[in-house]
Amino acid sequence: MATTSSESVKQLAYLAGALKAPRITEAAERLADQARSAGWSFEDYLAAVLDREVSARNASGAQLRIRAAGFPAPKTLEDFDWDAQPAVRAQVAALASGGFLLEARNVVLLGPPGTGKTHLATSLGIVAARHGHRVLFATATDWVTRLSDAHRQGRLPQELTRLRRYGLIIVDEVGYLPFEQDAANFFFQLVSSRYEHASLVLTSNLPFSSWGGVFGDQAVAAAMIDRIVHHADVLTLKGASYRLRGRGIDSLPSIRTTTEQTQG
Ligand code: ADP
Ligand code: MG
């Protein structure tokens, strides 16, 4: 290697370090050979080098955000079997661009157990993380605990402000457990503080008409649903549980009992 070139390489390593962009050193050297043999323009070369740094940063940022989100399992849209839920395919495909996050739109996933609500909610969370948004995933019960703890410590407003910095909050399993009166109010405050500001993804096994019972207060539930669905995509999943596929629904103990009773 010529002296000037090795001097340049050293200087590049120093400059990349000063920019806190360490991948530039390696990419610059590796791509230089490719650029020379392929006759790239200076602009093409510079763009290719910077692209390596930027892609690596985005990928590691997304990885960090995905880890910090607290997903129960890393499920992606690529893992989803659309044959099981053909009716929502187009709706989900539209959401996959991440545009709903910029418009602070919400997504509500409704359907019986095992139809992929948590899977799709997680996948949308991963989409958000890849688009540079901070994400937090928790069950409705966990959110209520979190907000009531904050309230008890006199820092509910601060907690709600802090949560607004997250581009996406996922509330899984609204309706599996009924809430107390206080819980409904905390939840309402969470929904209000994000309204037209940042997105929520909610999942529930219950139709909206049953949410009043879950929240123990029809008026609070109605006000909350109003804000949630004002700018929202509501996806209704249907059919049998994906968990039970290939196992034969009739192998479930309760159903077998019924069958035996019918036969007997
Ligand atoms: P829900 O939250 O609606 O009860 P989950 O999303 O937890 O259901 O789905 C149950 C299991 O089945 C998960 O492991 C999930 O990844 C898987 N699953 C559900 N639907 C699909 C699907 N259409 N394609 C691939 N896996 C699915
Ligand atoms: Mg679930």
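**Note on the sheet, a helix pair and the ligand shell**

1. Leucine 109 has threonine 203, in strand 4, as its bridge partner. Strand 4 (residues 199–204) runs parallel to strand 1 (residues 106–110), and 4 bridges join them; strands count as paired if DSSP finds at least two bridges between them, and both helices (H or I, at least four residues) and strands (E, at least two) are DSSP runs numbered from the N terminus.

2. This is a predicted model, in which local features need pLDDT of at least 70 and side-chain atom pairs count only at pLDDT 80 or more, while totals for chains, interfaces and linings use all residues. Residues are numbered from 1 along each chain as its sequence is written, with chains lettered from A and ligands numbered from 1 in the order in which they are written.

3. The open sheet is formed by 5 strands in the order 2-3-4-1-5, with parallel pairing. Strand 2 (135–139) and strand 5 (232–236) stand at the edges, and because each has a single partner strand, one side of each is left without a neighbour in the sheet.

4. Helix 2 (residues 23–38) packs with helix 3 (residues 42–69) at an angle of about 145°, their axes being 9 Å apart; axes are lines fitted to C-alpha atoms, for helices over the stretch in contact, and angles run from 0 to 180 degrees between N-to-C directions.

5. Around ligand 1 there are 16 residues, of which Asp81, Gly116, Lys117, Thr118 and Tyr242 come nearest; a residue is near a molecule if its C-beta atom, placed from the backbone, lies within 6 Å of it.
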